[in-house]
Amino acid sequence: MQLKTVMVPAVLAFGLSGCGYFGGDEKQQLEQAWLAKNEQLQQVIEQIRSQGIEAVASGAEAGSVAACVASKLEMDPVGELVNVEGALVESAKVTELLSELEALMEQDFSLENMSSLLQKGADAAAYAKQIIADQGVEQGLQHLQQMATASEEFASQDLGAHFQQLLLECQQQAN
């Protein structure tokens, strides 16, 4: 696999998603509405997205909601995907999303598959962008395969439902 053939469609898709070409705004608004119901969780997610899971985990007060959320996300096979805005309301099944991500990252560039990429890969592009930014293409693909294997127990669950359950568990422990 040539790096160029992977990067060209990825860069184009990410550029278009960054320009608002894809309809991610609706998910972001739904996520903001869900988070607005709990200020503590909202602050933790904002911290994680700006500082990273590891930084929040090491800096959070023991027993706090932040410490709980960060440690659960660190141990969760798909935890790093929480960095993508809208992930908390993502309706895609974990297995479907991971296989779509893998296909997106392996895709060769051609005009024929570009329209397919634009139609089907919009949501996956945001997640793939995060993984590539964090790990690069080669390591990202390996990491996706590890995620798929490790997430088998909740693979048929929606990604957003999985994250919401995890966050609510931490909130309940604090109360």
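This note sets out the fold, the surface and the salt bridges of a predicted model.

1. The chain contains ten helices and zero strands.

2. The chain has 175 residues, and 42% of them count as buried. Of the contacts between residues at least 6 apart in sequence, 77% join residues at least 24 apart.

3. The count of salt bridges comes to four. One of them joins the side chains of Glu90 and Lys27, with an N to O distance of 2.9 Å. Glu90 lies in the loop between α5 (65-75) and α6 (94-106), whereas Lys27 belongs to helix α2 (residues 25-36), and the two are 63 residues apart. Glu90 is buried because its relative accessibility, 3%, is under 20%. Lys27 is also buried, at 16%.

4. A salt bridge also joins Glu169 and Lys72, at 2.7 Å from N to O. Glu169 is in helix α10 (residues 159-174) and Lys72 is in helix α5, so this pair ties together parts that are 97 residues apart in sequence. Glu169 is partly exposed, with a relative accessible area of 29%.

5. Asp158 and Lys93 likewise meet through their side chains in a salt bridge, at 2.9 Å from N to O. Here both residues lie in loops: Asp158 between α9 (137-150) and α10, and Lys93 between α5 and α6, 65 residues apart. Asp158 is partly exposed at 23% relative accessibility, and Lys93 is partly exposed at 31%.

Technical notes: Residues numbered from 1 in each chain as written. Predicted model: local features only at pLDDT ≥ 70, side-chain atom pairs only at ≥ 80, totals over all residues. Heavy atoms only, no water. Helix = DSSP H or I, 4+ residues; strand = E, 2+ residues; numbered from the N terminus. Buried < 20%, exposed > 50% of the residue type's maximum accessible area, 1.4 Å probe, protein only. Contact = heavy atoms within 4.5 Å.
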